[in-house]
Amino acid sequence: MKKKKIVVFTGAGISAESGLKTFRDSGGLWEEYKVEDVATPEAWLDNPVRVLEFYNMRRRQAVGAKPNPAHLALVQLETIYDVQIITQNIDDLHEKAGSKKILHLHGEINKCRSSIDDSLIYPVKGTDLKMGQLCEKNSQLRPHIVWFGEFVPMMEHANILASSADIFIIIGTSLNVYPAAGLVNFVPEKVPKYLIDPQGVSKDYIPNLNINRKKAGVGVPELVKNLLK
Ligand code: APR
């Protein structure tokens, strides 16, 4: 029998209990840094060293981070469901936990790419990406990240996946950043949806939504237990 499909949409909140900062919470990254200084194509042109350093910091933290009970619980769902993770996160905690199908909407911290040819993608050697590290076409390597103002290449594929969900789970995202946040609009109305986020605010535009205002490390294992019953 064909397995039911669960699509899980994650944001920075799922990795918070693994020690990685979120962006918009109090104490989040966008309080410490200005988006326009480190996460835009203009910042890269203006001061690539500063941009590289920002992502080198992210990478050093991600390397040491371990998946928490939320990442691990999602893997358990695979015993009876076809599970597709769609993450806005650039960390590799879903991979470390062992989830099989993971789509990264905003790029991956452990990869870099050519600054003149988007198709040339490489693993980052060590934890730091430095000026002078070049692609095979001799251009500077940049972080493999989707910056503000850039096209989100995986968005259309993600929207198609969302439209085929039988169950849709949203974890730890402020749903502030588009087009990613628009993913929920592609999920059919009748599909049951769950939001796990301590600050989960009522989303009137999302039909059939069940909100659990708990931390991911508690709320996700609870939900998974129920879905496996
Ligand atoms: N468990 C679950 N959710 C949590 C937890 C936790 N332990 N801690 C915080 N959160 C929630 C917050 O309540 C908030 O709603 O995580 C959310 C984090 O929101 P943002 O910081 O806005 O992160 P995210 O939604 O992933 O940001 C989207 O913005 O800056 C860009 O590209 C970056 O992918 C990122 C995008």
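**Figure 1. How much of the protein is buried.** Of the 229 residues in this predicted model, 51% count as buried. The chain folds into 9 helices and 9 strands. Its radius of gyration is 18 Å, close to the 17 Å that the globule rule gives for 229 residues, so the protein is as compact as a globular protein of that length. Along the principal axes, the C-alpha trace spans about 55 × 40 × 30 Å. Now look at which parts of the chain meet: among contacts with a separation of 6 or more, 62% join residues 24 or more positions apart.

**Figure 2. The six-stranded sheet.** Follow the strands across this open sheet and you will read β3-β2-β1-β7-β8-β9, with parallel pairing. Which strands stand at the edges? They are β3 (102-104) and β9 (209-212), and each of them pairs on one side only. From one strand to the next, the twist averages 15 degrees. Within the sheet, β1 and β7 are joined in the parallel sense over 5 bridges. To find your place in this pair, look for Val 8, which stands opposite Ile 169 in β7.

**Figure 3. Helix α9 against the sheet.** Here α9 packs on the six-stranded sheet, where it touches β1, β2 (81-87), β7, β8 (193-196) and β9. The direction of α9 makes about 155 degrees with that of β8. The buried residues of the helix include Gly 219, Val 220, Leu 223, Val 224 and Leu 227.

**Figure 4. The largest nonpolar core.** Nonpolar side chains in soluble globular proteins tend to be buried together. In this model, the largest nonpolar core has 23 residues. Which of them touch the most other members? They are Phe 9, Ile 86, Leu 105, Phe 168, Ile 170 and Leu 183. At least two residues of this core come from each of β1 (4-10), α8 (155-163) and β7 (167-171). The largest share, 4 residues, is supplied by α8. Apart from this core lies another, of 21 residues, including Trp 30, Val 51, Leu 52 and Ile 90.

**Figure 5. A close look at Phe 9.** What does Phe 9 contact once its neighbours within four places in sequence are left aside? Its partners include Ile 86, Gln 88 and Leu 105. Among them are also Phe 168, Ile 169, Ile 170 and Ile 171, which follow one another along the chain. Further contacts of Phe 9 include Thr 173, Leu 175, Ala 180 and Leu 183.

Figure 6. Strand β4 (residues 107-114) pairs with β5 over 3 bridges, and Lys 111 stands opposite Pro 123 in β5.

How values were computed: Residues are numbered from 1 along each chain as its sequence is written. This is a predicted model: local features need pLDDT of at least 70, side-chain atom pairs count only at pLDDT 80 or more; totals for chains, interfaces and linings use all residues. Side-chain values use heavy atoms; hydrogens and water are left out. Buried means under 20% relative accessible area, exposed over 50%, partly exposed in between (1.4 Å probe, protein chains only). A nonpolar core is a set of buried Ala, Val, Leu, Ile, Met, Phe, Trp, Tyr and Cys residues joined through side-chain atoms within 4.5 Å. Contact means heavy atoms within 4.5 Å. Two strands pair if DSSP finds at least two bridges between them. The radius of gyration is taken over C-alpha atoms; the globule rule is 2.2 Å times the number of residues to the power 0.38. Axes are lines fitted to C-alpha atoms, for helices over the stretch in contact, and angles run from 0 to 180 degrees between N-to-C directions.
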